[in-house]
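Please examine the sequence and structure shown below. The briefing that follows takes up selected features, grouped by topic.

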Amino acid sequence: GNNNINAKLVLLGDMGAGKSSLVLRFVKGQFVEFQESTIGAAFFSQTLALDGATVKFEIWDTAGQERYHSLAPMYYRGAAAAIIVYDITSTESFERAKKWVQELQKQGNPNMVTALAGNKADLEDKRKEGRTYAEDNGLFFMETSAKTAINVNDIFYEIAKSLGFL
Ligand code: GDP
Ligand code: MG
């Protein structure tokens with residue numbers, strides 16, 4: 001069979017949750033304290049390999065602002081996977097993440113693998129809720145930190161596995 005597969009993946013979530021930082025960590029292994037906010041959306045790609053199979057993720061990093069909301073379907077339609085990102089220290093960003101889950105459940109591709117990333121896990125002393133909600137809604141869940149790199153590769157690996165590619 002074909003062991004080299006492309007998978008379109010979209011990042012959704014509130015502005016400031018750390019979407020761009022997760023992509024930067026995953027694609028370049030870097031972190032910056034003052035990440036510029038994304039205008040519209042940005043595209044990246046990164047390949048994961050395991051046991052002779054490769055998945056090339058084609059990643060759409062969207063802007064979190066409400067005024068770009070109407071553009072979001074362009075990015076999540078046809079996506080094989082989505083990572084909904086929130087900031088574990090921000091109730092507001094968690095509420096926004098729930099809205100994205102609802103939107104994908106209603107309008108997204110039903111076969112899409114959806115992951116919830118509780119980002120800024122390095123700030124765990126300020127953590128709010130997350131895991132219970134993910135379990136109740138059938139979401140794959142991890143707390144990530146773009147800053148320390150914790151679980152960043154892992155969430156992409158778990159998505160690739162869920163897609164049946166690795
Ligand atoms: P986006 O709007 O969702 O793309 O968020 P950004 O990636 O632009 O990040 C917003 C801010 O949060 C930036 O100042 C980042 O440096 C910071 N940030 C992102 N990820 C983390 C993280 O895992 N830990 C900490 N402490 N800060 C983070
Ligand atoms: Mg951004």
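The second largest pocket has 13 lining residues, and Leu104, Gln105, Asn109, Met112 and Thr114 are those nearest its centre. On a 1 Å grid over the protein atoms alone, a pocket is an open set of points where a 1.4 Å probe fits, with protein on both sides within 12 Å along at least five of seven lines; lining residues have an atom within 4 Å of a point. This is a predicted model, in which local features need pLDDT of at least 70, side-chain atom pairs count only at pLDDT 80 or more, and totals for linings use all residues. Residues are numbered from 1 along each chain as its sequence is written, ligands are numbered from 1 in the order in which they are written, and side-chain values use heavy atoms, without hydrogens and water.

**Second largest pocket**
- Helix α3 (residues 91-107) gives the largest share of this lining, three residues; helices are DSSP runs of H or I with at least four residues.

**Magnesium site**
- Ser20 (OG) and Thr38 (OG1) coordinate the magnesium ion (ligand 2) at 2.1 Å; donors are N, O and S atoms within 2.8 Å of the metal (3.2 Å for Na, K and Ca), and water is not among the atoms, so sites may look incomplete.
- Ser20 and Thr38 are both buried, that is, under 20% relative accessible area (1.4 Å probe, protein chains only).

**Helix α5**
- Val152, Ile155, Phe156, Ile159 and Ala160 are buried in helix α5 (residues 152-162).
- These buried residues line one face of α5, because they fall within an arc of 140 degrees seen down its axis; the arc is that of the directions from the helix axis to the C-beta atoms.
- Gly164, which follows α5, has a positive phi near 80 degrees.

Conventions: Buried < 20%, exposed > 50% of the residue type's maximum accessible area, 1.4 Å probe, protein only. Helix = DSSP H or I, 4+ residues; strand = E, 2+ residues; numbered from the N terminus.
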